[in-house]
Amino acid sequence: MLNFNIRGENIEVTPAIREYVENKIEKVERYFNEDVNANANVNLKVYNDKQTKVEVTIPMKNLTLRAEERHNDMYAAIDLIVDKLERQIRKHKTKVNRKFREREGAGLYFATTQAVADTVTEDEEYSIVRTKQFDLKPMDQEEAVLQMNMLGHDFYIFTDAESNGTNIVYKRKDGKYGLIETT
């Protein structure tokens, strides 16, 4: 069962919006066994140019579903989010089922439906085409951003000089930077 946490920025979450979000996102429950209990975190944001952004995150035990969509129509963005979530579930389900067939006895937490597995095409396979190894140099966040920009990458992994933890800086869609800290 999905529990909803719906937040609005620059928009009031009316009962009609809440009902629409819950009805649409509850459709992904059909892919799970009945015993799945998860929280669906939904953020609705309206910008000055009237464009809306919808973010949905559903953290679960072995999987975190996350989708984000910008659109002029909030209801259309919610519909597109559901499509993205269903694609993620199908990809993951196919991967889990493939591993299950390879190693019999593994527990599946998705409900088995062959129709869903049949919809995943071969071009959605995950294949690693290149492997790199490198030493993580201790540095601060600013130096990591400079290194990332010099390399022309969208992210950069480094060891934080103060905490000695492995961190990641990344370039966001809005042109700003983000930091992921490991624990």
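Let's start at Thr-52. Leaving aside neighbours within four places in sequence, Thr-52 is in contact with Lys-45, Val-46, Glu-69, Arg-70, His-71, Asp-73, Met-74 and Ala-77. Contact here means heavy atoms within 4.5 Å. Thr-52 lies in strand β3. Thr-52 is buried, at a relative accessible area of 6%. The cut-offs: buried is under 20% relative accessible area, exposed is over 50%, and partly exposed is in between, with a 1.4 Å probe and protein chains only. Helices (H or I, at least four residues) and strands (E, at least two) are DSSP runs, numbered from the N terminus.

A word on the source. This is a predicted model, where local features need pLDDT of at least 70, side-chain atom pairs count only at pLDDT 80 or more, and totals for chains, interfaces and linings use all residues. Residues are numbered from 1 along each chain as its sequence is written, and side-chain values use heavy atoms, with hydrogens and water left out.

Now Asn-72. Is Asn-72 buried or exposed? Asn-72 counts as exposed, at 60% relative accessibility. Asn-72 lies in the loop between β4 and α2. Not counting residues up to four places away in sequence, Asn-72 touches Lys-50 and Gln-51. Lys-53 is 19 residues from Asn-72 in sequence, and the two are 8.6 Å apart in space, C-alpha to C-alpha.

Next, the whole chain. The protein chain has four helices and eight strands. From the N terminus on, the order of elements is β-α-β-β-β-α-α-β-α-β-β-β. Of the 183 residues, 31% count as buried. Take the contacts with a separation of 6 or more: residues 24 or more positions apart account for 39% of them. The accessible surface comes to about 12,500 Å², and 47% of that belongs to carbon and sulfur atoms. Those areas come from the Shrake-Rupley method with a 1.4 Å probe; for residues, only the protein chains shown count as cover.

On to the cores. A nonpolar core is a set of buried Ala, Val, Leu, Ile, Met, Phe, Trp, Tyr and Cys residues joined through side-chain atoms within 4.5 Å. Which members of the largest core touch the most other members? Ile-25 and Ile-58 do, out of 27 residues. The elements giving two or more residues to this core are β1 (2–9), α1 (15–25), β2 (38–46), β3 (52–59), β4 (64–71) and α2 (74–102). The largest share, seven residues, comes from α2. Look at Ile-58 itself. Not counting residues up to four places away in sequence, Ile-58 touches Leu-2, Ile-25, Val-28, Ala-38, Asn-39, Ala-40, Leu-63, Thr-64, Leu-65 and Leu-85. There is also a second, separate core of seven residues, which includes Ala-144, Val-145, Met-148 and Tyr-156.

Aromatics next. Rings of Phe, Tyr and Trp (its six-membered ring) pair if their centres lie within 6.5 Å; planes under 30 degrees apart count as stacked, over 60 as edge-to-face and the rest as tilted. By that rule, the count is one aromatic pair. Tyr-20 and Tyr-75 have ring centres 4.7 Å apart and planes at 90 degrees, so the pair is edge-to-face. Tyr-20 lies in helix α1 and Tyr-75 in helix α2, so the pair ties together parts 55 residues apart in sequence. Tyr-20 is partly exposed, at 24% relative accessible area. Tyr-75 also counts as partly exposed, at 31%.

Last, a sheet. Strands of a sheet pair through backbone hydrogen bonds, either parallel or antiparallel. Two strands pair if DSSP finds at least two bridges between them. Four strands form an open sheet in the order β5-β6-β7-β8, with mixed pairing. The edge strands, each pairing on one side only, are β5 (138–139) and β8 (177–181).

Walk across the sheet. β5 and strand β6 (residues 155–160) pair in the parallel sense over two bridges. Pro-138 has Thr-159 in β6 as its bridge partner. From β5 the chain crosses through helix α4 (residues 141–151) to β6, and this β-α-β crossover is right-handed. Right-handed means that, with the strands pointing away from the viewer, the path from the first strand over the helix to the second runs clockwise.

β6 and β7 run antiparallel, joined by five bridges. Phe-155 stands opposite Tyr-170 in β7. The hairpin of β6 and β7 has five residues between the strands, and Asn-164 there takes a positive phi near 65 degrees. Strand β7 (residues 166–171) and β8 also run antiparallel, with five bridges. Tyr-170 has Gly-178 in β8 as its bridge partner.
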